[in-house]
Amino acid sequence: MTYNKDVLVIGAGAVGTAIARELSKFRLEVMVVDKNDDVGGDASKSCSSCCSTESTVAPFTLESKIAQSSRPLFYHLCEDLDIPIHYCGSITPALNEYQLSQIPAMLEKAFNNGVYDAEYLTHDELMELEPNLNPENLGGVYNPRDAQISQFMLVIAQAENAAENGVEFLLDAPVTGMDVKNGKIEAVHTPKGDIKAKWVINAAGLYCDEIARMVDECDFTVHPRKGQFFVLSKDTPVKVSHTILSIPEKNTRGTLVIPTVDGNILVGPTAEDIVDKTDKKTTAEGLKKVTEMAHSLVPGLRMEDTITQFVGLRPAREPEGYNILVSEKVKGYVGISGIRSSGLTCSLGIAKYTIHEMQKAGLELKRKDGFISKRRGIVKFSDKTDAEKQKLIEGNSLYGKIICRCEQITEAEIVEAIHRPVGAKTIDAVKRRVRAGMGRCQGGFCSPLVIEILARELGCDPEDIRKRSGASFMLER
């Protein structure tokens with residue numbers, strides 16, 4: 001099968017879906033292709049979920065420029081697309097004299113990035129804001145506008161909205177090659193068919209170098225930077241109300257203690273440069289390092305309340321730095337690389353910037369009539385009052401069937417997650433949309449029931465249901 005499109009976006013992470021949604025405002029035929037079974041990419045769905053001010057990025061760079069324009073865009077996007085975001089602010093405490101000496105440089109960097117409200121607070125002021133903070137702190141930096149977002153819903157909501165506006169998503173479809181002739185991409189090959197497009201945007205994140213080599217536009221390398229995380233249960237007794245950060249290091253913001261939008265505490269990550277782009281294994285050494293750093297920030301954290309650990313892989317570029325290339329050698333090729341720790345925060349700005357650069361290079365943008373700017377999220381049964389729950393059940397009896405006991409997720413929510421635009425096809429895709437399986441038992445009770453619902457709604461055998469991409473079948477075939 002051959003698809004004919006105006007624009008092809010390779011990669012359905014935060015950057016790819018933001019670009020797709022922005023392009024869907026115009027009279028263009030757009031397709032997003034991804035090797036995974038679901039949107040979310042690799043790095044985007046396993047990051048620290050920070051939607052931060054640009055105070056920690058290198059000033060006067062492309063990253064800084066984009067960060068300053070991107071962060072304010074989230075307010076309206078989250079409102080329009082019903083995306084959970086928590087404006088909790090952040091605290092970076094100094095735990096010794098050396099760290100205290102770094103604070104003036106941190107504040108100067110923030111000021112140079114236009115973050116004028118970052119400020120130094122004394123020990124007593126920090127303890128008043130965050131009583132569980134290490135009482136030995138010597139003061140620190142307070143950033144009132146830092147926020148936490150649902151990284152899953154940021155991507156899913158934009159993908160759903162883009163699809164409602166005509167964007168086609170081709171998933172489980174890795175790009176295997178490209179035909180380039182006379183300085184132009186004639187076809188992009190996937191196992192599900194070839195795609196012919198006037199413009200090809202490489203937003204493949206961890207794999208962007210491999211895509212770039214297909215068109216001979218790769219003067220860089222990408223390697224994974226592994227970050228290991230803990231997720232603590234919602235009922236852990238020692239919590240924080242702000243994101244707590246350690247003093248940043250060269251390659252990382254350091255360890256964070258994060259109050260997520262869903263009520264869990266997220267702790268991590270490490271920053272380990274590795275080679276294998278598929279290495280998502282946690283290690284005793286890495287988790288021990290996270291635990292030690294987290295306890296130095298919040299000594300009372302109960303790591304025994306961990307319900308799961310996971311690994312995120314950030315695409316570290318050499319040479320480092322944001323790079324958005326509109327190729328002069330291969331007509332219509334756009335390469336995006338170097339998008340690392342700030343990628344989630346900068347994704348909306350990257351989309352705007354990239355499309356603007358494409359327009360300067362000849363992309364014709366004509367605003368379409370009837371663009372759908374709003375999206376309604378899936379009703380969260382557990383948040384409703386008893387009267388509201390009863391009304392939902394009267395309208396749809398599936399709201400009366402609790403599938404995930406830990407998170408109180410109903411069958412109605414799971415069915416809707418499956419049938420929405422770019423709907424869930426796997427266990428993990430359901431989990432990211434409605435949190436079935438994200439509670440203390442981690443799917444031990446609800447997974448068999450979710451398999452039954454997926455098989456029924458997708459019209460397939462239970463043996464065909466996977467946990468995620470690849471051959472991760474849940475039942476013996």
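Which residues in α1 are buried? In α1, the buried residues are Ala 14, Val 15, Gly 16, Thr 17, Ala 18, Ile 19, Ala 20, Arg 21, Glu 22 and Leu 23. The model is predicted: local features need pLDDT of at least 70 and side-chain atom pairs count only at pLDDT 80 or more, while totals for chains, interfaces and linings use all residues. Residues are numbered from 1 along each chain as its sequence is written, and side-chain values use heavy atoms, with hydrogens and water left out.

**Figure 1. Helix α1 is mostly covered.** Helix α1 spans residues 14-23, and ten of its ten residues are buried. Buried means under 20% relative accessible area, exposed means over 50%, and partly exposed lies in between (1.4 Å probe, protein chains only). Accessible areas come from the Shrake-Rupley method with a 1.4 Å probe, and for residues only the protein chains shown count as cover. Helices (H or I, at least four residues) and strands (E, at least two) are DSSP runs, numbered from the N terminus.

**Figure 2. Strands β3, β8 and β4 form an open sheet.** The three strands follow the order β3-β8-β4, with antiparallel pairing. Strands β3 (50-51) and β4 (85-86) stand at the edges with a single partner strand each, so one side of each has no neighbour in the sheet. Two strands count as paired if DSSP finds at least two bridges between them. Strand β8 (residues 147-149) is joined to β3 by two bridges, and the two run antiparallel. Within this pairing, Ala 147 in β8 stands opposite Cys 51.

**Figure 3. Strand β16 pairs with both β13 and β15.** Strand β13 (residues 221-232) pairs with β16 in the antiparallel sense over three bridges, and Leu 232 stands opposite Ile 265 in β16. Strand β15 (residues 256-259) runs antiparallel to β16 and is joined to β16 by four bridges; here Leu 256 stands opposite Gly 268. β15 and β16 form a hairpin with five residues between them, and Gly 263 in the turn has a positive phi of about 100°. From β16 (residues 265-268), Ile 265 and Val 267 point one way and Leu 266 and Gly 268 the other way; all are buried.

**Figure 4. Strands β19 and β20 form a hairpin.** Four bridges pair β19 (residues 323-326) with β20 (residues 333-337) in the antiparallel sense. Asn 323 has Ser 337 in β20 as its bridge partner. Six residues lie between the strands, and Gly 332 takes a positive phi near 85°.

**Figure 5. Arg 225 forms a salt bridge with Asp 273.** A salt bridge is a side-chain nitrogen of Lys or Arg within 4 Å of a carboxyl oxygen of Asp or Glu. The closest N and O atoms of Arg 225 and Asp 273 are 2.6 Å apart. Arg 225 lies in strand β13 and Asp 273 in strand β17 (residues 272-273), so the pair ties together parts that are 48 residues apart in sequence. Arg 225 counts as buried at 5% relative accessibility, whereas Asp 273 is partly exposed, with a relative accessible area of 44%. The C-alpha atoms of Arg 225 and Ala 271 are separated by 5.9 Å, although these residues are 46 residues apart along the chain.

**Figure 6. Two salt bridges join Asp 80 to Lys 374 and Asp 172 to Arg 466.** The whole structure holds 37 salt bridges. The side chains of Asp 80 and Lys 374 meet at 2.8 Å, N to O. Asp 80 lies in helix α3 (residues 73-81) and Lys 374 in the loop between α9 (343-360) and α10 (386-395), so the pair ties together parts that are 294 residues apart in sequence. Lys 374 is exposed, with a relative accessible area of 51%. The side chains of Asp 172 and Arg 466 meet at 2.5 Å, N to O. Asp 172 lies in the loop between β9 (168-170) and β10 (177-181) and Arg 466 in the segment after α13 (447-458), so this pair ties together parts that are 294 residues apart in sequence. Asp 172 counts as partly exposed at 25% relative accessibility, and Arg 466 as buried at 14%.

**Figure 7. Glu 119, Asp 124, Glu 125 and Glu 128 gather in a patch of negative charge on the surface.** Patches are made of residues with over 30% relative accessible area and no salt bridge; like charges are joined within 9 Å, and nonpolar side chains (Val, Leu, Ile, Met, Phe, Trp, Tyr) within 5 Å. Lys and Arg count as positive and Asp and Glu as negative, while His and the chain ends are not counted. The place of a charge is taken as NZ of Lys, CZ of Arg, CG of Asp or CD of Glu. Helix α5 (residues 123-129) gives the most to the patch, with three residues. Glu 128 lies in this helix, α5, and is exposed, with a relative accessible area of 69%.
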